[in-house]
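Welcome! Take a moment to look over the chain before reading on. The report below walks through its helices and a few of its residues.

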Amino acid sequence: MLNKFQQLWKAKDVRNNIFYVLALLIIFRMAAHIPVPGINVGDLKDLFAQNQFLGLLNLFSGGGMVNFSVVMLGVGPYITSSIIFQLLTMIVPKLEALSKEGEYGRGKINQYTRLLTIPLALVQGYGFINLLSRQTGGAILSNMTNFQLAATLITITAGTIFLMWLGELITEKKIGNGISLLIFAGIVASLP
């Protein structure tokens, strides 16, 4: 096994791709620590420490929820969108025919998946903000105005789109599935 790693290390292209992917994963972890403005992060961390369900949600988001970060939803909306289109491909004849058209069809379905991610991120973001507001009686979210709520939803939706883009950049380097690596990095980062 050590011999395989030495062979990988000697291949300059593979080594550069690995460093590129590691750099993108570091960017992801840094983004998970950038909080959305207007949130009392200290009180939020205390709430997550006391509530096991919220702690589990935080684990799957890559640690972004406890900081109420710009990437707090992780790639969850994209995964949900992907699952929806996989199911729709089996049910809707036009999507089934499109999926059988080869690379063009898969590209179109991927485009639809990305487009569906945006409203799903908005809905999931709103649901999470509502959940936190109910858990704390509005104390942590300090009674957001409609403008603050809209700005927060746009910010966390943009964070999800950013992670989706990072995942695609990682996938292009052929080191592994980018979305899966982002999920893995988020879970591993919360282990220590």
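Helix axes here are lines fitted to C-alpha atoms over the stretch in contact, and the angle between two of them runs from 0 to 180 degrees between N-to-C directions. Keep in mind while you read that this is a predicted model.

**The overall picture**

Let us begin with the whole protein. Its secondary structure comes to nine helices and zero strands, so the order of elements from the N terminus reads α-α-α-α-α-α-α-α-α. Taken along the principal axes, the box filled by the C-alpha atoms is roughly 55 × 50 × 25 Å. The protein has 192 residues, and 36% of them count as buried. If you look at contacts between residues at least 6 apart in sequence, 70% of these join residues at least 24 apart.

**How H2 meets its partners**

Helix H1, residues 2-10, packs with H2 at an angle of about 90°, and their axes are 5 Å apart. H1 and H2 are therefore roughly perpendicular to each other. On the H1 side of this contact you will find Leu 8, Trp 9 and Lys 10, which meet Lys 12, Val 14, Arg 15 and Phe 19 of H2. Sorted by class, the residues of this contact are four nonpolar and three charged, with no polar ones.

Seven of the residues in the contact of H2 with H9 are nonpolar, one is polar and one is charged.

**Leu 25, a residue of H2**

Leu 25 is found in helix H2. Is Leu 25 buried or exposed? Its relative accessible area is 15%, and because buried means under 20%, Leu 25 counts as buried. Leaving aside neighbours within four places in sequence, Leu 25 touches Ile 170, Leu 181, Leu 182 and Ala 185.

**The nonpolar core**

Which residues have the most contacts inside the largest nonpolar core? They are Phe 48, Phe 68, Phe 128, Leu 132 and Leu 182, in a core of 36 residues. At least two residues of this core come from each of H2, helix H3 (41-50), helix H7 (103-136), helix H8 (146-172) and H9. H8 gives the most, with eight residues.

Phe 48 shows what such a position looks like. Apart from its neighbours within four places in sequence, Phe 48 is in contact with Leu 54, Gly 55, Asn 58, Met 65, Val 66, Phe 128 and Leu 132.

Now try locating Thr 89, Thr 160 and Tyr 126 in the view. Thr 89 lies in helix H5, residues 76-91, Thr 160 is found in H8, and Tyr 126 is found in H7. The table gives the accessibility of each.

| Residue | Relative accessibility | Class |
|---|---|---|
| Thr 89 | 14% | buried |
| Thr 160 | 1% | buried |
| Tyr 126 | 43% | partly exposed |

Their surroundings can be traced as well, with residues up to four places away in sequence left out. Thr 89 touches Leu 95, Glu 96, Ser 99 and Ile 109. Thr 160 is in contact with Leu 73, Gly 74, Pro 77, Thr 117 and Ala 121. For Tyr 126, the contacts are Leu 149 and Leu 153.

Why does Tyr 126 count as partly exposed? Partly exposed lies between the buried limit of 20% and the exposed limit of 50%, and Tyr 126 has 43% relative accessibility. From C-alpha to C-alpha, Tyr 126 is 36 Å from Phe 19 in space, and the two are 107 residues apart in sequence.

Terms used: Residues are numbered from 1 along each chain as its sequence is written. This is a predicted model: local features need pLDDT of at least 70, side-chain atom pairs count only at pLDDT 80 or more; totals for chains, interfaces and linings use all residues. Side-chain values use heavy atoms; hydrogens and water are left out. Ala, Val, Leu, Ile, Met, Phe, Trp, Tyr, Cys and Pro count as nonpolar, Asp, Glu, Lys and Arg as charged, and the others, Gly among them, as polar. Helices (H or I, at least four residues) and strands (E, at least two) are DSSP runs, numbered from the N terminus. Angles under 35 degrees count as roughly parallel, over 145 as roughly antiparallel, 65 to 115 as roughly perpendicular and the rest as oblique. Contact means heavy atoms within 4.5 Å. Buried means under 20% relative accessible area, exposed over 50%, partly exposed in between (1.4 Å probe, protein chains only). A nonpolar core is a set of buried Ala, Val, Leu, Ile, Met, Phe, Trp, Tyr and Cys residues joined through side-chain atoms within 4.5 Å.
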